[in-house]
Amino acid sequence: MEALVDIKQVDFAHGQRQIYRQLSLQVPRGKIVAVMGPSGIGKTTLLRLIGGQLRPQQGQIEFAGHNIPTLSRSALYQVRQRMSMLFQSGALFTDMSVYENVAFPLREHSNLPESMIRSIVLMKLQAVGLRGARDLMPAELSGGMARRAALARAIALDPELIMYDEPFAGQDPISMGVLVKLIKDLNDSLGLTSIIVTHDVDEVMSIADYAYIIADQQVVAKGTPAELAQVDNALVKQFMGGEADGPVAFHYPADDYAQDLLARGAAVTGSSK
Amino acid sequence: MLDAIASVGRQTLDSLAGMGKALLVLLNAIIGKPTPKKSAPLLLQQMHVVGVKSLLIIIVSGLFIGMVLALQGYTILVDYGAEQSLGPMVALSLLRELGPVVTALLFAGRAGSALTAEIGLMKATEQLSSLEMMAVDPLRRVIAPRFWAGLISMPMLALIFSAVGIYGGYMVGVQWLGVDDGAFWSVMQSSVDWYDDLLNGIIKSVVFAFVVTWIALYKGYNSTPTSAGISSATTSTVVTASLAVLGLDFVLTALMFGG
Amino acid sequence: MESRKTQLTVGIFVIIAALALAFLAFKAASNSATTSGETYRIYAKFDNIGSLKVRSPVKVGGVVVGRVTSISLDGEYYEPLVEMTISSQFDEFSETSSVSVLTSGLLGEQYLGLQPGFIDDSVGMLKDGDYITDTKSALVLEQLIGQFLFSQGNE
């Protein structure tokens, strides 16, 4: 199976903090790949690495045969036209209407006449069900609608790859269902490749072809949703089952509780003497 | 104690290095590949935001400052029987100093803070990242038009400020306090020089425009993308830009009129 | 629609700024016609120039015809040498013209008063680079008082 995105042995540190060590993962063309993991392990960072906004200290990140970290600025901008990213907040331009937001990438990267842009924009908005909301400003949209509008903008240039950053975070069950269905439908009808970074296990497992679980700076488990359900790993089980305590401890690392309480008491009595 | 001084020094050097780097990046974005078809509408829109929307405060402040100058100047000059010098006094103060400086300070407060907040917010809501991912350079798309708009608008605002201020001075001096109409203008004309005063004033305000706009954009672009970060960046824009304007004003005045 | 309104307001803004510039340039400032356009230079040596400065006006009967463009000390005896730039409109000053350092009003600025000389077939006209020999220095208040006291003492 041909990999559209191929990440090989990537090391990445943000300042002092090591985020990835020898991370490798592949995204096959035409598939929906889920990347899951506990909060704060740098899932968004992974997408920014693929988009070339961050550069790894070591390793290769290949997108359709281009090694992203070594590309020149202009080559990177060329490659970016073939991918798009749906940000957690939607990142719609607040000073433009929904219509103008979707038209924006077309105006920037094509010389299409206005009538053609209009048709494309309306088609994309129809696909996400917001054709009637084209004249609204982003501030007038609900969270779910804003994300759908951003999705319409993301597919405006018919990219090969869409990266979703926490697409389901903070959505009510209905808009979550709408988004899950949209992602699946778009992927199938447009022949896209999708990477979904999330921790909403149930939703993403219903549509993903393949999934990676990242923890401790590395991939700890991978496989199809069915395979992952069978993995005999305490951390994977905790994550997939959503249990409060396990290998990922409920408590932030701290001194012994009883010791801590006693020490505090001693300090207070000490100071009162 | 020494550590504290050293840390002040280090911070100064770091921030200078950061600003220098930002300047290079900015210059690169501004100079690189002009695309008039796409950038003209953007520039126009930003001139509307930055320039037109600052017009009211500039006109009102200019008028009042001119009127106060005339009132204050008259009470001093009349003691020496030199009230005919009111015209040049008002005109020179405005053209050389108050026009460029007060405009720059008002601009920093009115437009500069708004620029910083806008860019900071665009950063916080990932709009800048999203531009980058759409293969659109945010420096060229967002920063450059705002920079040019500031650089062009502020000298224009300073001219308007001075003109309105002189008119305010005329209203108070001539129409209210009774300085002779003809003398007011003719003495002004004979002592205000086109090159020395008007042009130097314009040069001053171009320099201020560069500094204020640049500081505002830099602070916004490098703000911490949280609400606390943006509010502190906005405050810092007004403070830094105002201090820079006043400091530079002294240097420029010394260069232009000191020698 | 939106962009049309923007264009309109920005256009008005630019026009207001242009009007302000025109107002400042023509109404408030002298457009110093004497230093733009065609000019020629003449020189004059004084014993004392008082507080004459570069850019002080050169006037004929109160009308500005040029400006002082440089002041330096010249020759063995360090005499103040003043360079004047005169508009070529006024190029018919004879060599017998005189120039003096005058003061406008009691506390006013000092300027150069140019007194055109008589015109005769035997005298030529001042050309670029010529010197005016007939000069009167600035009145220095201390010297005047000194002279006054001296003459009082003589009586």
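This is a predicted model: local features need pLDDT of at least 70, side-chain atom pairs count only at pLDDT 80 or more; totals for chains, interfaces and linings use all residues.
Local features are reported where pLDDT is at least 70, side-chain atom pairs count only at pLDDT 80 or more, and totals for chains, interfaces and linings use all residues; side-chain values use heavy atoms, with hydrogens and water left out. Residues are numbered from 1 along each chain as its sequence is written, while chains are lettered from A and ligands numbered from 1 in the order in which they are written.

**Cavities**

Two cavities of 30 Å³ or more are found in a search of the whole structure. A cavity is a set of points, on a 1 Å grid over the protein atoms alone, where a 1.4 Å probe fits but cannot get out, and its lining residues have an atom within 4 Å of a point. Grid points are joined across faces, edges and corners, and the volume is the space filled by probe spheres set on the points. In the classes below, Ala, Val, Leu, Ile, Met, Phe, Trp, Tyr, Cys and Pro count as nonpolar, Asp, Glu, Lys and Arg as charged, and the others, Gly among them, as polar.

| Cavity | Volume | Lining by class |
|---|---|---|
| Largest cavity | About 160 Å³ | 11 nonpolar, four polar, two charged residues |
| Second largest cavity | About 60 Å³ | seven nonpolar, four polar, no charged residues |

The lining of the largest cavity comprises 17 residues, and those nearest its centre are M83(A), S84(A), R153(A), A154(A) and M134(B). Helices (H or I, at least four residues) and strands (E, at least two) are DSSP runs, numbered from the N terminus. At least two lining residues of the largest cavity come from each of β6 (83-86), α3 (98-109) and α5 (143-154) of chain A and α5 (127-133) of chain B.

Residues lining the second largest cavity include L95(B), G99(B), P100(B) and L24(C). Here α4 (86-124), α6 (138-176) and α8 (194-221) of chain B each give two or more residues, and α8(B) gives the most, with four residues.

**Aromatic and charge contacts**

Over all chains, 11 aromatic pairs are found; rings of Phe, Tyr and Trp (its six-membered ring) pair if their centres lie within 6.5 Å, with planes under 30 degrees apart counted as stacked, over 60 as edge-to-face and the rest as tilted. The pair of F93(A) and F104(A) is edge-to-face, because the ring centres are 4.9 Å apart and the planes stand at 65 degrees. F93(A) lies in the loop between β6 and α3 of chain A and F104(A) in helix α3 of chain A, so this pair ties together parts 11 residues apart in sequence. Both F93(A) and F104(A) are buried (under 20% relative accessible area, with a 1.4 Å probe and protein chains only).

R153(A) lies over the face of F93(A), 4.6 Å from the ring centre. Such a contact requires CZ of Arg or NZ of Lys within 6 Å of the ring centre and within 35 degrees of the ring normal. In chain C, K59(C) lies over the face of Y111(C), at 4.5 Å from the ring centre. Ring pairs also join Y167(B), Y170(B), F184(B), W185(B) and F23(C) into a cluster.

**Strand pairing in chain C**

Strands pair if DSSP finds at least two bridges between them. Strand β1 (residues 39-45) of chain C pairs with strand β4 (residues 79-87) of chain C in the antiparallel sense over seven bridges, and K45(C) stands opposite L81(C) in β4(C). With strand β7 (residues 131-132) of chain C, β1(C) pairs in the parallel sense over two bridges; A44(C) has I132(C) as its bridge partner in β7(C).

Terms used:
On a 1 Å grid over the protein atoms alone, a cavity is a set of points where a 1.4 Å probe fits but cannot get out, and a pocket is an open set with protein on both sides within 12 Å along at least five of seven lines; lining residues have an atom within 4 Å of a point. Buried means under 20% relative accessible area, exposed over 50%, partly exposed in between (1.4 Å probe, protein chains only).
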